[in-house]
Amino acid sequence: MPIIHIKDVVKNYDMGAELVHALSGVSLDIEANEYVAIMGPSGSGKSTLMNVVGCLDTPTSGLYDFEGQNVGDLNDNELAEIRNRKIGFVFQTFNLLPRSTALHNVELPLIYAGVPSHLRREKAEKALREVGLGDRMTHKPNELSGGQRQRVAVARALVNDPSIILADEPTGNLDSKTGIEIMQLFSDLHGEGNTIILVTHEEDIAAHAHRIIRLFDGKIASDEKVEKPLIYEH
Amino acid sequence: MYFGESIATAFGTLRSNRLRSFLTVLSVAIGVFSIIAVMTSLGALQYSIEGGLSALGANTFQVQKYDNQHGGGPGWQAHARNRKDITYEQGLAVVERTRGVKHIGLEVWKFGVEVRWRSKKTDPNVSIAGETPDGLPTNQWEIDQGRGLTQSDLDLTRKVVVLGSDLAQALFPPSYNPVGEMVSLGGVHYKVIGTVAPQGGLFGNQDRYFIIPITTFFERYGKNRSIHIMVQAESRENFDAVQDEVIGVLRAVRDVPPGEDNDFAIFSNESLIRQFNETTYYVKIGTMAIAAVALLAAGIGIMNIMLVSVTERTREIGIRKAVGATRHSIVSQFLFESVVISLLGGLIGIMLGLAAGNVLAMVLEIGPVVDVGWIAVGIVACCFVGVAFGTYPAWKASNLDPIDALRYE
């Protein structure tokens, strides 16, 4: 059974005067341990697709099954729980709490999952070590470099052992060298068995993925395997 | 579950916006301060008055011709002004016919005299009390040195005096035993037979008494004045019964027709305290009204600051929602924050109010006054203000769309 099963999903936004068709009939399946890049020019609907996949938004029509559960049937709290336990987000702008330490930022999903504090700390420290920030735990975001901030965000995405990691232009705010480091991290995470969905408009970033889905005008234009994904040597 | 997180976030926010948090906290503090300061002051005043009233001891009441507040009210002119004096004979009848009493004394007062001993003279602020022997314990005058009055002092109209402690202090050198000395008042010499232990009281020099046998008083100053009857019941339980009995006897000897009001007044500690409470009632109502308005204004301030906070932290709310915060957890986070602000203000207000109120307690020389009831009212009011005015901003925060919130710059 695929983790993500999307069938004929339509998403319209009512902008008052006109109806915007952000997604007009998208179908796709994503299996466990896939590494998928979603590509497309701006306005193609890739952000909307990511919001739907990430359970931040629900489709106007069509079916979205997440691990066999119909997301359209879920209420606000159930969506929050799926985001909390099943999905790890990595954003272009990092989206860390500016006044909190790296450790506390990583702990945040665990707090909402109701994990007791000693266990929380343990798991957050482990996730930070995994992304190579074992020595930066008590730093606040403004004391970290862009790459380090994004690593904190990745650690936060990992900490709850999610079913998918959803990364929205994760290198968009990073210089190319740091961007490569982050992509390496994603490749490693994929190698460890994680399912990764990457939203990007950059070909060389998408080249790290094993499958590329291209969107155009709210529809899937192409969906193909990558013969030789880009892997950096350590 | 998110309690620790809510506390940490609330204090983190307060810290990072020190000035505006402080100003909001201050506005709550002022509202609570006004309640606590006034109520503590009134409490101090009340304790002090009760302390002063311990002159009227436990289970004691006093009968006299007029209410303390005579002259007030339209009915007074018609009825009370023509009241007959309570005579010594009526008092004696009450003494004779009332049962169940511990002490029942008769007394009569004259104010503003001066007393001499050798070359020393007091200010003319001494009060003469003509007393029966039982009058001393009903006034809670305990004998310090020498003895009190006896029936034979009265029978023989002896010129003897028991001195109030402040009076004794004013006339005699420290640690001098005045018993046996002769003091003079209005050209008449009295032999000091005893002194009263210090009582202290509301306005300092309250113990300037010149206590002589009531018969001596009449001989010197005439009988045409109204006496007080001081009654101490045996116990709390028979206090009301004794009071009824005294009223009955007095009505009989004063020929009050059935159905008519008493033509005399009765006080006890309770009735005096009730009178005080009635007087301060409006002060309390007024204070509460002012405090309520102040807290309303403070609440609006809290709502304002919380709305600003929600807007500023839109992105934070988006992040929290993306990683799994439910509406409920966002609501409780922001509610918690507004309650922390108002409670902090409340605590500061309570402390300052207690301090201000206790300045009066110090002036009145009574112990510190801490009215737990009003403190509880203050805390509850603060919680209420925090919740009432924090709900809308918190609801607004929880209703933010996570996608829009994450994009917010």
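1. Start with the loop between helix H7 (165–171) and strand E8 (182–185) of chain B, which is where Ser175(B) sits. This is a predicted model, and in it the phi of Ser175(B) comes out near 50°, a positive value in a residue other than glycine. Is Ser175(B) buried or exposed? It counts as exposed, because it has 5 C-beta neighbours inside 10 Å and the cut-off for exposed is 12 or fewer.

2. Chain A has a positive phi to look at too: Glu169(A), not a glycine either, is at about 45°. You'll find Glu169(A) in the loop between strand E7 (164–168) and helix H6 (176–191) of chain A. Glu169(A) counts as buried, because 20 C-beta neighbours fall inside 10 Å and buried takes 20 or more.

3. Four strands make an open, antiparallel sheet, in the order E2-E1-E4-E5. Its edges are strand E2 (19–30) and strand E5 (69–70), each of which pairs on one side only. Strand E1 (residues 4–14) runs antiparallel to E2(A), and nine bridges join the two.

4. Now the packing. The largest nonpolar core has 115 residues, and the members that touch the most others are Ile38(A), Ala155(A), Leu198(A) and Ile36(B). Which element gives this core its largest share? That is helix H2 (residues 18–53) of chain B, with eleven residues. As for Ala155(A), its contacts beyond four places in sequence are Val106(A), Ala127(A), Leu128(A), Glu130(A), Val131(A) and Leu133(A). There is also a second, separate core of 45 residues, with Val94(B), Val101(B), Leu106(B) and Val161(B) among them.

5. The chain contact is next. How many residues of chain B are in contact with chain A? The count is 19, against 22 residues of chain A. On the chain B side, helix H1 (3–16), helix H11 (314–322), helix H12 (327–363) and helix H14 (402–407) each supply at least two residues. By type, that side of chain B divides into nine nonpolar, six polar and four charged residues.

6. Last, the domains of chain B. Domain 1 is in two pieces, 3–52 and 274–407, while domain 2 covers 84–263. Taken over C-alpha atoms, the centres of the two domains are 53 Å apart.

Methods: Residues numbered from 1 in each chain as written. Chains lettered and ligands numbered in written order. Predicted model: local features only at pLDDT ≥ 70, side-chain atom pairs only at ≥ 80, totals over all residues. Contact = placed C-beta atoms within 7 Å. Nonpolar A, V, L, I, M, F, W, Y, C, P; charged D, E, K, R; others polar. Domains from an automatic or database assignment. Core = buried A, V, L, I, M, F, W, Y, C linked by C-beta atoms within 7 Å. Pairing = 2+ DSSP bridges.
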